[in-house]
Amino acid sequence: MKTTVTIRQIARESGVSVSTVSRVINGSAPVSEDIRRRVEQVIEKYAYSPSGFARGLVNRRSMIIGVIIPDITNPYFTAMFREISVAAQRAGYSVLLFNTGFSAATAGETTRNELEAFKVMQEKSVDGVLVVGGQADLVRLRPEYRRGLEDMAARLPVVVLGNPVENSRCQFMQRERGQGIYMAVEYLFSLGHRRIAFVGGETDVAITEQRLGSYGDALSALGLPYDTGLVSTSDYYSPDGWKAADRLIRREAVFTALIAMNDSVALGAYRALADHGLRVPDDVSVISCDQFFDAEYFTPRLTAIDQHNELLGRAVISALLDMMGGHQQSQVLKLHPELKVRESCRS
């Protein structure tokens, strides 16, 4: 016999409490043999299979983890969300995604979307929240964002992948952001390049500021000047890479190599260079300092720094699960970027 039945009905027909049924199902605590047999007989009678939701009712949990991301179409966030989802499912949790559409250029408007996401997570009674990027990546947080974040953290375990905030209830995690671009500059220098441009990224966003800082440090360590005329920021997508590279060329900046913020920016830069009659790598060498999915399929194949964003996704969900279990430890993630040499750079 198979019919829809709840754990409360199982408990009522067995003559025991809901928590006792839970102990029988999960084996979380001993019960007498007689009680176990009675409960198992009712479970078998109805072919009952406890869902994650039913287990959550017993444990006073929703068995849902909230994830707040600024742009799921960005391959960086896509790769992390995929790993977060897999790890959450393995731990028995469903995932509630809120895609805020946050942009540093429109922070005043899109911050409201993030604050709405904080409210939704509390209303849905999720068991914990991951905040991945968004305003958390800005150099300076808006006061209303910080208040909203702290209000959520007062009620739920919250792990933020972004810049630490002093005296916060959240757990903050940061990835190392400078080593990869340092590697890129050194590699181009080893090929003989001395005029190395940088394109992409938004100002006032921490990852851009930190990578530009490392770009300047690497040039200085190699005895090269920092030329602001070789830096063209824009954003993190292919149209922004085109815009940034086109701007460099139109102002007649002299460069033989170009570092792109990520693969998407590099794709736009490829197009801009081609539009001006420049070939990769014959005229300009190109390297991406954040590899996504498709570097192997560029023409020519794109040399890139693999930042291991998939490992980052696993690390942040692991931190949230630990925090939900009562353990918390803020940290900087050491993921050791790798240089992937392909076809887009030459002497």
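1. Contact order. Among contacts in the protein between residues at least 6 apart in sequence, 72% link residues at least 24 apart. Contact here means heavy atoms within 4.5 Å.

2. Basis of the note. This is a predicted model, in which local features need pLDDT of at least 70 and side-chain atom pairs count only at pLDDT 80 or more, while totals for chains, interfaces and linings use all residues. Residues are numbered from 1 along each chain as its sequence is written, and side-chain values use heavy atoms, with hydrogens and water left out.

3. Overall dimensions and surface. Along the principal axes, the C-alpha atoms of the protein fill a box of roughly 85 × 40 × 30 Å. The protein has 347 residues, of which 52% are buried. Buried means under 20% relative accessible area, exposed means over 50%, and partly exposed is in between, with a 1.4 Å probe and protein chains only.

4. Charges. The protein carries 39 positive and 40 negative charges, and their mean positions are 6 Å apart. Lys and Arg count as positive and Asp and Glu as negative, whereas His and the chain ends are not counted. Each charge is placed at NZ of Lys, CZ of Arg, CG of Asp or CD of Glu.

5. Secondary structure. There are 12 helices and 12 strands in the protein. Helices (H or I, at least four residues) and strands (E, at least two) are DSSP runs, numbered from the N terminus.

6. The six-stranded sheet. Six strands form an open sheet in the order E7-E6-E8-E9-E10-E12, with mixed pairing. Its edge strands are E7 (231–232) and E12 (338–340), each of which pairs on one side only. Two strands are taken to pair if DSSP finds at least two bridges between them. Within this sheet, strand E8 (residues 257–260) and strand E9 (residues 285–288) run parallel and share four bridges. Leu258 is placed opposite Val286 of E9.

7. Ile196. This residue belongs to strand E6 (residues 196–199). Is Ile196 buried or exposed? Ile196 is buried, at a relative accessible area of 2%. Leaving aside residues up to four places away in sequence, Ile196 touches Val185, Leu188, Phe189, Tyr215, Leu230, Ala257 and Ile259. Phe172 is 24 residues from Ile196 along the chain, and the C-alpha atoms of the two are separated by 34 Å.

8. Strand E1. Five of the six residues of E1 (residues 64–69) are buried, so this strand is largely enclosed by the rest of the structure. E1 pairs with strand E2 (residues 94–99) in the parallel sense, over six bridges. Gly66 stands opposite Leu96 in E2. When looking at strands, keep in mind that in a regular strand the side chains alternate between the two faces of the sheet.

9. Cis peptide bonds. Val280 and Pro281 are joined by a cis peptide bond with omega of about 5°. Pro281 sits in the loop between helix H11 (263–275) and E9. The bond from Thr299 to Pro300 is also cis, with omega near -5°. Pro300 is in the loop between E9 and strand E10 (303–306).

10. Met63 is not a glycine, yet its phi is positive, about 60°. Met63 lies in the loop between helix H4 (52–59) and E1, and it is buried, with a relative accessible area of 10%. Asp204, also a residue other than glycine, has a positive phi near 75°. Asp204 is in the loop between E6 and helix H9 (206–221). It is partly exposed, with a relative accessible area of 40%.

11. Cysteines. How many disulfides does the structure hold? The structure holds zero disulfides, a disulfide being a pair of cysteine sulfur atoms within 2.5 Å. The sulfur of Cys289 is 12 Å from the closest cysteine sulfur, that of Cys345, which is too far for a bond. Cys345 is likewise in no disulfide, as the nearest cysteine sulfur, in Cys289, is 12 Å away. Cys289 is buried at a relative accessible area of 0%, and Cys345 is buried at 11%.
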